[in-house]
Amino acid sequence: MTKDEVQGAMEEDQAQSKKGLKKQQKEAEKAVKKAEKQAKLAADQQGSEEDDFAKDRYGVPPMVQSQQKLDRVLARVEDLSPEKADQLIWLRARVHTSRAKGKQCFLVLRQQQFNVQALVAVGDRASKQMVKFAANITKESIVDVEASVRKVEQKIESCTQQDVELHIERIFVISQSEARLPLQLEDAVRPDGEGEEEGRATVNQDTKLDNRVIDLRTTTSQAIFRLQSGVCKLFRDTLTNKGFVEIQTPKIISAASEGGANVFTVSYFKTSAYLAQSPQLYKQMCICADFDKVFCVGPVFRAEDSNTHRHLTEFVGLDIEMAFSYHYHEVIDSITDTMVQIFKGLRENFQTEILTVNKQYPSEPFKFLEPTLRLEYTEALAMLHQAGVEMGDEEDLSTPNEKLLGRLVKEKYDTDFYVLDKYPLAVRPFYTMPDPNNAKYSNSYDMFMRGEEILSGAQRVHDAQLLTERAMHHQIDLEKIKSYIDSFRYGAPPTWRRRHWPGESVHAVPRPPQHSSDLHVPT
Amino acid sequence: MSMYQVKPVCGSLLKPDLPTCMYTLPNIHGQQGNSCTSDLCSEHALQNGEVDPAVKALEARQDEILRKLYELKAAVDGLAKTVTTPDADLDLTVSSSLSSQSPSSTTFTGVTNLDTLIGKDLGALRDIVINANPAQPPLTLLVLHSVLCQRYRVLSTVHVHSSVSNVPPQLLSCLGPRHADSYARQMFQLGFTLIWKDVPKLQMKFSVQNMCPIEGEANVARFLFKLMSPYPSDAALATLVDSWVDMAFFQLAEGSAKERAAVLRALNSALGRSPWLAGQEFSLADMACYCCVFAERPCLLYSL
């Protein structure tokens, strides 16, 4: 070791000890500061607990056990508008989101599909502790708030009530939600595709259905259920006004009603029964019993083992049945008018709901004509021929051609709903009445919505003689349909028609696909 | 051959536009050789006991005259039907239909065949779809529609599109009462579908192949008018008609008060010179100008 080196080592030692000293000093200072801080905090807490002037303005009240009946009027979020400015109101709502920022806390309060921004800020009404309490309320908890309504200068884009906000003066938690939610409501209403692009979460169908209670709280679900209810109400109202009678039909039946295929068998005590896959038979009975015009709204069960939005195992059927006097167009006019009334009712009374659903499931506005456009099959063929489709005159429309036709009709007439009349006799069942002017065609029709068939109907042959001829033409074993033919031989009404109408009119508005375990429609 | 040979200056293909209201005579200048042979032929045919072609021609002419008479009868029937309702629009319809039919039936026979005009009949109704804004009812097209109805079997339907509401009832019945056979669309030659819709400009859709709509009342009116009688073949005359039609829609219907006054003065002097705006014959120009004046100032016409 050279001298130089020794000196260097000593210097290093000295330097180290100097560093150590500094460190110790710093730590000591830190400890003092910490102690001071703690003391201050404790003092603060003590002090604030002592002078929390807003103590009775917040908290968790005892569980509502109907101890007292308050005459308190609760306002509704959807009614909060600038006209209510500066009023003091009570409101019960769910905490949709909360965000604390320094001395204030922003809450979004939600009621069904409507929400409003609320604010708790330290001031002469609310203390620091109250703000802290509000910030710690878990999402989806139910709260009672007393607040004054204030107009805002800048619109609140994130809420449905954009022109007002609430300044909370009292806040009580009525029912606390767990802190961890299985799914976030904002994620559940995010449109498909948007989440992937921005790296945001979306919720899988399975998760939604496993937690249906929370999923049903989303604005979209709220709107869809209101629309379903609206369609049924409009259907009932329109038909009742037209003199139809609503009937209730059995749903557990002893024999399969239509064909026998696609029917659910259920055990019925010592024997088995079937779930009704159409109220058809009962409607026919009513017509034969001179009811003249009947309709029914009810569940229909079909054992369809395919996964498309047009093959559901359970759905709500909107069925109508009517006798006509001279021409089956009386029936078409009646049905199309009912549809138009439903469309108009939805347009006039359910605009908010349609817009809400559109946010998650974007779609073009539904367009229709009044009176409804009626085209004949030959016209449709001419349009398809001009568009370059090759098909025979008496050929049925394939699904792609139906869609193409829908687009062509939309382009020319700008309507999403139309009737296609006079189908070729060859593609219809043997009991379809032939066209009086051209034996190649028949008195039958389909109705289309957005390029998909939603309803099909026809005038039926009610003459035993003609029916036998038609059956023989189709090479159908007469023995098998003897009872059907005989029912006309022994005096059925001279002219009547029937057709089943699946409850697909809900398609007037976009409907999210539904899980097979979740097809209960509350109507 | 000591002279230069020159090709004929005026080709033999050129056919002069001969009036058909007079008796026709065989051409004495051209095709002399041919006429000689045909004479020989006719003598030959007569000897064989066949019908003289002159007799045949006479028969054809008689049929033609009868056909014209039937047309005239139909026009008069139309007049008798509409004359009972004292409405300015209908009065115009009658006068225009008469005047538009008379030249077309005499001069332009045969071209009213719909197949040649708007494509071959595929066994289906050919439907003309017109989207119009209820705020500006297309008067010209309503007039043209009633003329079309006298010429063809027209299925007229009126619809209201979901983009508008509260259409006045008289607009819903503007194409007249429903045809008794309207349940069978195939029985008609032409469909006239009027849709009251929220459109900035009137539009017409007809062809499915090229979905391009035809925009503007003037252009649609030209199309409909051509379905009944062709445009003047004289380019200058056709341009004159076109300019009157444009003047009517751009300056009378949409122009300022100054422009309107100018057009009215021009109309006045033009009609002082000749019975119709485009000379001796009724044309679309007259129909368009009448409708635009009527839409702006109905009182002006009542005072006439």
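Trainee: In which strand of chain B is the place of Phe192(B)?

Mentor: Helices (H or I, at least four residues) and strands (E, at least two) are DSSP runs numbered from the N terminus, and on that reading Phe192(B) sits in strand E3 of chain B. This is a predicted model, in which local features need pLDDT of at least 70 and side-chain atom pairs count only at pLDDT 80 or more, while totals for chains, interfaces and linings use all residues. Residues are numbered from 1 along each chain as its sequence is written, chains are lettered from A and ligands numbered from 1 in the order in which they are written, and side-chain values use heavy atoms, with hydrogens and water left out.

Trainee: Is Phe192(B) buried or exposed, and with which residues is Phe192(B) in contact beyond its neighbours within four places in sequence?

Mentor: Buried means under 20% relative accessible area, exposed over 50% and partly exposed in between, with a 1.4 Å probe and protein chains only; Phe192(B), at 2%, counts as buried. A contact requires heavy atoms within 4.5 Å, and, once the neighbours within four places in sequence are set aside, the contacts of Phe192(B) include Ile128(B), Leu141(B), His145(B), Leu175(B) and Leu224(B). Asp127(B) is also one of these contacts, although Asp127(B) and Phe192(B) are 65 residues apart in sequence; their C-alpha atoms are 6.0 Å apart in space.

Trainee: With which side chain does that of Asp127(B) meet in a salt bridge?

Mentor: A salt bridge is a side-chain nitrogen of Lys or Arg within 4 Å of a carboxyl oxygen of Asp or Glu, and here the partner of Asp127(B) is Arg185(B), at 3.3 Å from N to O. The pair links distant parts of the chain, 58 residues apart, since Asp127(B) belongs to strand E1 (residues 126–132) of chain B and Arg185(B) to the loop between helix H6 (169–172) and strand E3 (190–196). Asp127(B) is buried at a relative accessible area of 2%, and Arg185(B) counts as buried at 5%.

Trainee: What is the area buried between chain A and chain B?

Mentor: The size of an interface is often given as the accessible area lost when the parts come together. Buried area is here the accessible area (1.4 Å probe) that two parts lose on being put together, summed over both, and between chain A and chain B it is about 2400 Å², with carbon and sulfur atoms giving 53%. In chain A, Gln386(A), Glu411(A) and Lys412(A) lose the most area to chain B, together 25% of what that side buries. The contact takes 25 residues from chain A and 27 residues from chain B.

Trainee: How many salt bridges are counted between chain A and chain B?

Mentor: There are three, and Arg185(B) takes part in a salt bridge with Glu379(A), at 2.6 Å from N to O. Helix H9 (329–349), strand E14 (369–370), strand E15 (373–376), helix H11 (377–386) and helix H12 (399–413) of chain A each supply at least two residues of the side that touches chain B. H11(A) gives the most to that side, with five residues.

Trainee: How many helices and strands does the secondary structure of chain A come to, and how many does chain B have?

Mentor: Chain A has 14 helices and 19 strands, whereas chain B has 11 helices and five strands. Buried residues make up 45% of the 523 residues in chain A, and 38% of the 304 residues of chain B count as buried.
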